[in-house]
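Dear colleague,

I am writing to hand over a structure for your study. Please find the sequence and the three-dimensional model below, followed by an account of what was found.

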Amino acid sequence: MDSKQPPAATGTKPIPRWKIVTLAILALLIALIVWQYPGLKAQAEAGSAYGARVGCSCRYVENRELGNCESDFEPGMAMVSLSDDPETRTVTASVPLLGSASAHYAGLSGCILDRED
């Protein structure tokens, strides 16, 4: 018998190497995101609270335009966006998919973060 005979046909093709490598990289990225998610969420919530407080003070204490208030942010806060509700004098800061916080103007007390219940 010749030992160099081709293997018996099983009806299935082997998976290409590039697909295996792509799936392995994708699995590693998903594992990294899941592992880092609690820390990312905590940073987003802290950044949102800081952004809401700074944005509210800028808008309602200093009477500046909301679009100008993002220049008061610390470096690294590019993901934080602000929105304004003039009727309630509230500024909401958010990081997409991770966190948001609001602060309202309370007269002589300045701006106060709203509690999440």
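If the bonded cysteines of the chain are numbered in sequence order, what is the pairing? Before that is answered, please bear in mind that this is a predicted model. The pairing is 1-4, 2-3. The two links are described in turn below.

**The disulfides**

A disulfide is a covalent bond between the sulfur atoms of two cysteines. The count for this structure comes to two disulfides.

One of them joins Cys 56 to Cys 111, with a distance of 2.1 Å from S to S. This pair links distant parts of the chain: Cys 56 belongs to helix 1 (residues 17-61) and Cys 111 to strand 4 (residues 111-113), 55 residues apart. The link of Cys 56 and Cys 111 is left-handed, with -75 degrees about the S-S bond. Are these cysteines buried or exposed? Cys 56 has a relative accessible area of 0% and is buried. Cys 111 also counts as buried, because its relative accessibility is 5%, and the cut-off for buried is under 20%.

The other disulfide is formed by Cys 58 and Cys 69, whose sulfur atoms are 2.0 Å apart. Here too the pair links distant parts of the chain, since Cys 58 is in helix 1 and Cys 69 is in helix 2 (residues 66-69), eleven residues apart. With -85 degrees about the S-S bond, the link of Cys 58 and Cys 69 is left-handed. Cys 58 counts as buried at 1% relative accessibility, and Cys 69 counts as buried at 0%.

**The overall fold**

The secondary structure of the chain consists of two helices and four strands. Along the sequence, these elements follow the pattern α-α-β-β-β-β.

As one example, Thr 92 has Ser 102 in strand 3 as its bridge partner.

Ser 48 is found in helix 1. Ser 48 counts as buried, because its relative accessibility is 0%. Which residues are in contact with Ser 48, leaving aside its neighbours within four places in sequence? They are Ala 93, Ser 94, Val 95, Gly 99, Ser 100 and Ala 101.

**The salt bridges**

Side chains of opposite charge can pair when their charged atoms come close. How many salt bridges does a search of the whole structure find? The search finds four, and some of them are described here.

Glu 45 forms a salt bridge with Lys 41, and their closest N and O atoms are 3.2 Å apart. Both residues lie in helix 1, four residues apart, which is about one turn of the helix. Glu 45 is partly exposed, with a relative accessible area of 40%. Lys 41 is likewise partly exposed, with a value of 27%.

Arg 64 takes part in two further pairings. Glu 62 forms a salt bridge with Arg 64, with 2.7 Å between the closest N and O atoms. The side chains of Arg 64 and Asp 72 also meet in a salt bridge, at 2.9 Å from N to O. Glu 62 is partly exposed, with a relative accessible area of 46%, and Asp 72 is partly exposed, with 30%.

**The chain as a whole**

The chain has 117 residues, of which 24% count as buried. Among the contacts in the chain with a separation of 6 or more, 45% are accounted for by residues 24 or more positions apart. The accessible surface of the chain comes to about 8,900 Å², and 61% of this surface belongs to carbon and sulfur atoms.

Yours sincerely

Key. Residues are numbered from 1 along each chain as its sequence is written. This is a predicted model: local features need pLDDT of at least 70, side-chain atom pairs count only at pLDDT 80 or more; totals for chains, interfaces and linings use all residues. Side-chain values use heavy atoms; hydrogens and water are left out. A disulfide is a pair of cysteine sulfur atoms within 2.5 Å. Buried means under 20% relative accessible area, exposed over 50%, partly exposed in between (1.4 Å probe, protein chains only). Contact means heavy atoms within 4.5 Å. Two strands pair if DSSP finds at least two bridges between them. Accessible areas come from the Shrake-Rupley method with a 1.4 Å probe; for residues, only the protein chains shown count as cover.
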